[in-house]
Amino acid sequence: MRFAKEMAFYSAYHQEKRNVWIHVLGVPTITFTLFVVLSRFSLFEWNGFNVSASLVFTLAILGYYFTLDVVFALVATLLFGGLFVTAERITAQLPSQTAWTIFGLGQVIGWGSQFYGHFVFEKSRPALFDNLFQALVSAPLFVVADVFFELGYRLDLKIAVDDELKQKGVWKDFSVQKTA
């Protein structure tokens with residue numbers, strides 16, 4: 001199962017619950033602020049419609065998601081499509097400096113919180129040090145999957161991901177409380 005194999009790489013770095021929930025907030029923040037900046041770059045017009053760098057990026061990423069898992073891709077399309085549309089609309093009304101400020105603040109808060117989660121809760125370095133593509137492109141889809149798993153949905157897929165982690169020897173048990 002391709003999705004389980006790809007998510008296992010991501011999940012190897014995201015097994016501690018607090019770190020996972022930090023990512024549930026941090027990844028969309030990073031994605032939204034990236035959309036804000038990419039929306040500023042118009043590539044061309046087509047039938048009176050502005051085609052921005054943000055649109056091309058969003059369509060390419062969502063297309064990739066559909067090759068991994070249709071259900072998660074549909075949810076990602078709704079969630080991240082909403083972030084894309086919001087970014088496109090507000091960017092059209094923002095001065096350039098404000099857009100870049102939103103981008104800078106969102107990136108610092110999003111990345112900063114995730115680094116905190118990795119180093120404090122996960123006790124390991126972030127995935128982006130080992131695979132930039134997975135960390136930047138796949139993370140939004142895997143965050144969607146993490147929420148599904150936490151809500152008790154698609155548990156067969158969660159088991160497949162955990163099995164991949166165990167086979168690779170990177171599964172961690174955070175359910176055991178360590179005492180001093």
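Guide: Let us begin with a definition: a residue is called buried when its relative accessible area is under 20%, exposed when it is over 50%, and partly exposed in between. Please keep in mind that this is a predicted model.

Visitor: What makes the pair of Arg154 and Asp69 a salt bridge?

Guide: The term requires a side-chain nitrogen of Lys or Arg within 4 Å of a carboxyl oxygen of Asp or Glu; the side chains of Arg154 and Asp69 meet at 2.8 Å, N to O, so the pair qualifies. Asp69, with a relative accessible area of 10%, is buried. The structure holds eight salt bridges, and the one between Arg154 and Asp69 is among them.

Visitor: How do you know that Glu122 and Lys172 form a salt bridge?

Guide: Their closest N and O atoms are 3.7 Å apart, and because the cut-off is 4 Å, the pair of Glu122 and Lys172 counts as a salt bridge. Glu122 lies in helix H5 (residues 96-122) and Lys172 in the segment after H7, so this pair ties together parts that are 50 residues apart in sequence.

Visitor: What makes Asp130 and Arg125 a salt bridge?

Guide: The closest N and O atoms of Asp130 and Arg125 are 2.3 Å apart, and this is within 4 Å, so the term applies. Asp130, at 39% relative accessibility, counts as partly exposed, and Arg125, at 41%, counts as partly exposed too.

Visitor: Why is His23 called buried, and what is it in contact with?

Guide: His23 has a relative accessible area of 3%, which is under 20%, so the word buried applies. Leaving aside its neighbours within four places in sequence, His23 is in contact with Tyr10, His14, Pro28, Gln114, His118 and Val143. The side chain of His23 also reaches the backbone oxygen of Asn19 at 2.8 Å.

Visitor: Where is His23 found, and by how much does the helix bend there?

Guide: His23 is found in helix H2 (residues 17-38), and H2 bends by about 25° at His23. With its 22 residues, H2 reaches 31 Å from its first C-alpha to its last, close to the 32 Å expected at 1.5 Å a residue.

Visitor: What makes the phi of Lys123 worth a remark?

Guide: Most residues other than glycine have a negative phi. Lys123 has a positive phi of about 60° although it is not a glycine, and its place is in the loop between H5 and H6. Lys123 has a relative accessible area of 63%, which is over 50%, so Lys123 is called exposed.

Key. Residues are numbered from 1 along each chain as its sequence is written. This is a predicted model: local features need pLDDT of at least 70, side-chain atom pairs count only at pLDDT 80 or more; totals for chains, interfaces and linings use all residues. Side-chain values use heavy atoms; hydrogens and water are left out. Buried means under 20% relative accessible area, exposed over 50%, partly exposed in between (1.4 Å probe, protein chains only). Helices (H or I, at least four residues) and strands (E, at least two) are DSSP runs, numbered from the N terminus. A polar contact is a pair of N or O atoms within 3.5 Å; within protein, one must be able to donate a hydrogen and the other to accept it, and residues adjacent in sequence count only if both atoms are side-chain atoms. Contact means heavy atoms within 4.5 Å. The expected span of a helix is 1.5 Å times one less than its number of residues. The bend at a residue is the angle between axes fitted to the seven residues ending there and the seven starting there.
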